[in-house]
Amino acid sequence: PGSREEPPLPGAAQAAPRIRLRPSCGSRGGPGGRSARMAKKKKQGRKNKRGTKKADKIHGQKAGKKGEAAQYITRAQALTKLQVSLADFRKLCILKGIYPRDPKKKPQGLDKTYYHLKDISFLSHEPILQKFFELKTFMKKFKRLVGREELELAESLESRKPAYTLQHLVRERYPSFDDAVRDLDDAVSMLALFQALSGDQKRGIPVGAVNEATRLYQEFQLYVIRAQALRKVFASVKGYYFQAEVLGQSVTWLAPHQFVQELPPEVDFRVMLTFLEFYRSMVKFVNFRLYADLGLAYPPKRDTARDEGSADVAALEVEMREAGRARDAQAQQGAQDDAEVATSAVADFGGQSEEAAELQRQLAAANRMKTAFRGLRVFINREVPLRPIYFTLLCGGVAEVGWERGATASGSAGRGSAFPVGSEKITHQIVDRPADQIEMRPGREYVQPQWVLDSFNLGCLLPIAPYAPGRAPPPHLSPFVDDKAEGYVPRQREILDRFAAEAGGAAPGGVAADGAAAAAQGGDTPVPAAAGAEPTGFERFHAELRAEAGGVWHSEFQAKRKGAAAAAMAGAAADGAPRAAAEAAAEPEAGAEAAAEPE
């Protein structure tokens, strides 16, 4: 009675009574439980071992968050940080000159591409990055308008397309002009490559980029011609290698052969076009500065008629005429400057030092190259590659050049040529066909294109006979290889060195000069040496050619020549003994006559 609990329902299961048991020894609260063990462990001061799984105070710091590994991030992380696509990121890195790194520790894996964290921070402040965002927005709007066929609005939007310039990048990457000239090799090679290509819409090669690359390359060639800065040229399977000396720096580039180029499918031309975009802006700066140093206006004026006739660098008509007039005066001024440099070198290093001798040798070789073709009037046949031969001839100081390429069916010369093929002013004609297919005209020499390259590299005109049409020319040696350093000097190199020494005045007497002049005029027969005089280099060369044609080995020829030289020396010594005795007998008589004369 008085209880508030309701009586159990009939038929319902009775609830089990709650029974609370005391904890045993192995439970949580007992003296040997888990709490006791934790308390004992804390009392002893033991700590958990540090690990790398969790970034907390107990397990330590996560890998890649501190030290050298934290200075690098992967390309995917860089794309996330900059919020750009892979193509825009690649383009931005090329324009800024940023390349991947290879850190020692790679926490994200060995198959990832890593960049330095400072480089990515450097890219995040680039103004061009904002232009990429604007271009992305523009393309979305433009595609939407084109899809709706709202062409007028699309054209209006296209006229307001965002544009960017690379002038600030050129100034940023090249603080001084010498830095830009030192990095000019790749730029000129890229321009020479694209000027040989044609626009391809499928591969994404725009016609405007090809035309601008052609114009900039021809303007650089014109500077090299005007300054006579070309030093080496070599024809290979890949193309033509040129080396010019620009403000004391050697600039080497490769120009491909003028054939139809097949674009390989594995080449990503988008990357190459990005390099070309930067190099075009860079070469504009360099050409402007180089033209200003020569006192020329930039850009030079072009002759439309020659440009349409594929006359290449000859289309720069006005500048070429001025270059022809100023070449002699510039050569004289250059000779005076070289003489002053050689004099100062002798004063600084001494007349017998190796530095002064090497400098004088280089200056002499450069002066020979500038005047290698002076006074010649050369005509180039249609089968000969015009661009490299024409460029080399002008750098060598040729008077006039005519060509047959681009000639009509009734004409005998191409548009813009200095003279036709039948002109009597022609001294040399460059051909590359068999002799029976050539109409020989008196008063001129017929040579193969290799004669031009070898003569320029040597700095003097080589003999015509080895380069006659229909004959296998001598080996075309590369001027970029130091044969003595390589440990093997070819026979042709020895012959060319003799010609170079002959042209430099190292050969004895006027006999060598006469022989060099005869070879320069294209004569096949050298001027005979005086009796008892040593044969000149040209005479030895012709003697070697005759011995080779007769089946005599070079070693046998050298042995015979050494034997003849030893016999000549023995004969000279035998003749000199009686002569010395006669002079000794004549000395007392001369003393007696001198004593008999009155004072």
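## Basis

This is a predicted model, in which local features need pLDDT of at least 70, side-chain atom pairs count only at pLDDT 80 or more, and totals for chains, interfaces and linings use all residues. Residues are numbered from 1 along each chain as its sequence is written, and side-chain values use heavy atoms, with hydrogens and water left out.

## The chain as a whole

The chain has 21 helices and nine strands. Both are DSSP runs numbered from the N terminus: helices are H or I with at least four residues, strands are E with at least two. Of the 599 residues, 37% are buried. Buried means under 20% relative accessible area, exposed over 50%, and partly exposed in between (1.4 Å probe, protein chains only).

The accessible surface is about 36,400 Å² (Shrake-Rupley method, 1.4 Å probe; for residues, only the protein chains shown count as cover). Carbon and sulfur atoms account for 53% of that surface. A contact means heavy atoms within 4.5 Å. Among contacts between residues at least 6 apart in sequence, 58% join residues at least 24 apart.

## Helix α3

Helix α3 spans residues 86-96. Its buried residues are F89, L92, C93, I94, L95 and K96. Their cover includes the helices α2 (75-82), α4 (117-124), α5 (127-147), α7 (167-173) and α11 (269-294). Strand β2 (114-116) also contributes. G97 follows α3, with a positive phi near 80°.

## Aromatic pairs

A pair of aromatic rings is described by the distance of the centres and the angle of the planes. Rings of Phe, Tyr and Trp (its six-membered ring) pair if their centres lie within 6.5 Å; planes under 30 degrees apart count as stacked, over 60 as edge-to-face and the rest as tilted. The count is 16 aromatic pairs. F89 and Y115 make an edge-to-face pair, at 5.2 Å centre to centre and 85° between the planes. F89 lies in α3 and Y115 in β2, so this pair ties together parts 26 residues apart in sequence. F89 has 1% relative accessibility and so counts as buried. Y115, at 7%, also counts as buried.

F278 and Y279 form a tilted pair, with 6.1 Å between centres and 55° between planes. Both residues are buried. Y174, F275, F278 and Y279 form one aromatic cluster.

## Charges over rings

A charge sits over a ring if NZ of Lys or CZ of Arg is within 6 Å of the ring centre and within 35 degrees of the ring normal. The charged end of R173 sits over the ring of F278, 4.3 Å from its centre. R289 has its charged end over the ring of F177, 4.6 Å from the ring centre.
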